[in-house]
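Q: I am new to this structure. Can you show me how to read its features, step by step?

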Amino acid sequence: ATANDQCSECNPGHELLPDGSCKPYTCKIGNGTECKECQDLKLRTADGQCTACNDGFTLTDGICTASPCVKGAACEVCGSGAECDKCSRGYELTTSFACRPHACRTGGFMLTADAKCVPFACSI
């Protein structure tokens, strides 16, 4: 150190600032590209490093990015980039425009047009 309260290096998970002080790398848990789970502070080498991402996002080198939309079993109509505009039957659209299995997909129930679960009924 060159003076009181000035560092020449910092503990793991901290950044050395120009004034010689150390600042912990930050990480925010939230929606979208924010982390679902943050990297342990001691293992961070930059701000915003994640160990898990929200639905519809992919973890690449500690960063969450929108997953590309793939038309298939879950998504019937892709929107722009990673967003699904319409899910296939039996799936529901999340707030991040990804498709997940609908909660109603258990035996003995069906999903109505207004997204309600009702018991299967036979009509003659």
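Q: Which residues make up the largest nonpolar core?
A: Start with the general idea. In soluble globular proteins, nonpolar side chains tend to be buried together. This model is a predicted one. Its largest nonpolar core has five residues: Cys-35, Cys-50, Cys-53, Phe-57 and Cys-64.

Q: What is Cys-64 in contact with, leaving aside its neighbours within four places in sequence?
A: Its contacts include the core residues Cys-50, Cys-53 and Phe-57. Thr-33, Glu-34, Ala-52, Thr-58 and Leu-59 also touch Cys-64.

Q: How many disulfides does a search of the whole structure find?
A: Look for cysteine sulfurs within 2.5 Å of each other. The search finds six such pairs. One of them joins Cys-35 and Cys-50, with sulfur atoms 1.8 Å apart. Cys-35 lies in strand E3 and Cys-50 in strand E4, so the link ties together parts 15 residues apart in sequence. Both cysteines are buried.

Q: Is the disulfide of Cys-27 and Cys-38 left-handed or right-handed?
A: Read the torsion about the S-S bond. Here it is about -90°, so this disulfide is left-handed. Cys-27 sits in the loop between strands E2 and E3, and Cys-38 in strand E3, so the pair ties together parts eleven residues apart in sequence. Cys-27 is partly exposed, at 21% relative accessibility.

Technical notes: Residues are numbered from 1 along each chain as its sequence is written. This is a predicted model: local features need pLDDT of at least 70, side-chain atom pairs count only at pLDDT 80 or more; totals for chains, interfaces and linings use all residues. Side-chain values use heavy atoms; hydrogens and water are left out. A nonpolar core is a set of buried Ala, Val, Leu, Ile, Met, Phe, Trp, Tyr and Cys residues joined through side-chain atoms within 4.5 Å. Buried means under 20% relative accessible area, exposed over 50%, partly exposed in between (1.4 Å probe, protein chains only). Contact means heavy atoms within 4.5 Å. Helices (H or I, at least four residues) and strands (E, at least two) are DSSP runs, numbered from the N terminus.
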